[in-house]
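Here's a quick briefing for anyone meeting this protein for the first time. Take a look at the structure, then read on.

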Amino acid sequence: MTATTTAGGTDAGPDATGAVADFRFFELEVLRTRRLGHSFLRVTFGGESLAGFRSGGYDQSLSLFLPPPHREHTVLPSTDEDTWFGAWRAMPEDERPVMRSYTVREQRRTPQGVDEVDIDFVLHGDTSPASAWAGRAVTGRRILVIGPAVTRNKSVRFQPPADTDLVLMYADETALPAAAAILDRLDSGSRVKAWFEVPHEDDRLTLPTSADADITWVVRGPGAGRERTGHLLEAVRSGEVPDCGAPYAWIAGESGTIRAVRRLLVQERGVDRRRVRFTGYWRLGASEEELLAEAYSGQAPSEDPGAAL
């Protein structure tokens, strides 16, 4: 979550122009961090402005503005909805904060009355600005985000029809925080069949849910390249799927892989393609900046449910 590559998704965020009233800037301060597995780090943020933050749950996304390595905090020349984008783009490259889209893993108010937001990052060293920033995040660091000011907003993509009797899910590590947040919100009457792909054995996280969820973990292993899709498809193809009459599929991760999974679900599993929500969070062989450029030029691949397979 679309066009910004993230561990929370490839998405240009709520609105690249900042003109939608449902979203606005918030300042978040790092409260603490916690390692979740080999590849995952949870950063917990606080801040007075969170009193106006309204996550819609599920796969709620927001746009982070991460400072360059030589800056402790994010600084933007403007946060006005009419001028911020142009002012941000006009900043010198070495001073311009990096914009990435991530998932709100959880928003809560503590018993002490403090508002907190968790965001889970995928760590892979300094190979991306977001991973590099998260790996060095310490208490007191501040960033700016564009986030939801109302709970019913277009950056919540998980929208199963009312008649859904089975939720099918696929996520790789970049989309796992979103998948985990979805599972967190499903009730005990929901049935789920999921395939979650991760790079290491100890990335198989405990995912709390009240739903009747059957989760298959696909451990990719280090160094996997384009052959990863075939391995993943075989796991999806061979998995048992409960009987159902009205399934809904939510799939997110690497663009090429999710399109292959979508074809399999529609052509082999018989899922109505209009009931498949698919979102490319990143693309093998493309940089994050290239994906951003595609989004802003209107050249990003279509993720319309009715799009051709």
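What follows is a short tour, from the whole chain to one pair of strands.

This is a predicted model, where local features need pLDDT of at least 70, side-chain atom pairs count only at pLDDT 80 or more, and totals for chains, interfaces and linings use all residues. Residues are numbered from 1 along each chain as its sequence is written, and side-chain values use heavy atoms, with hydrogens and water left out.

**Overall build**
- You'll find six helices and twelve strands here; helices (H or I, at least four residues) and strands (E, at least two) are DSSP runs, numbered from the N terminus.
- Of the 309 residues, 53% are buried, meaning under 20% relative accessible area with a 1.4 Å probe, protein chains only.

**Confidence**
- The average pLDDT (the predictor's confidence in each residue, from 0 to 100) is 88, and 85% of the residues score at least 70.
- Residues 1-20 have a pLDDT below 50, yet the model gives this stretch 94 contacts beyond near neighbours in sequence (contact means heavy atoms within 4.5 Å).

**The seven-strand sheet**
- Seven strands make an open, antiparallel sheet, ordered β4-β3-β7-β1-β2-β6-β5; two strands pair if DSSP finds at least two bridges between them.
- β4 (98-103) and β5 (106-109) sit at the edges with a single partner strand each, so one side of each has no neighbour in the sheet.

**A closer look at β3 and β7**
- Three bridges link β3 (residues 61-66) to β7 (residues 142-148), in the antiparallel sense.
- Ser63 stands opposite Ile146 in β7.

Note on methods: Buried < 20%, exposed > 50% of the residue type's maximum accessible area, 1.4 Å probe, protein only.
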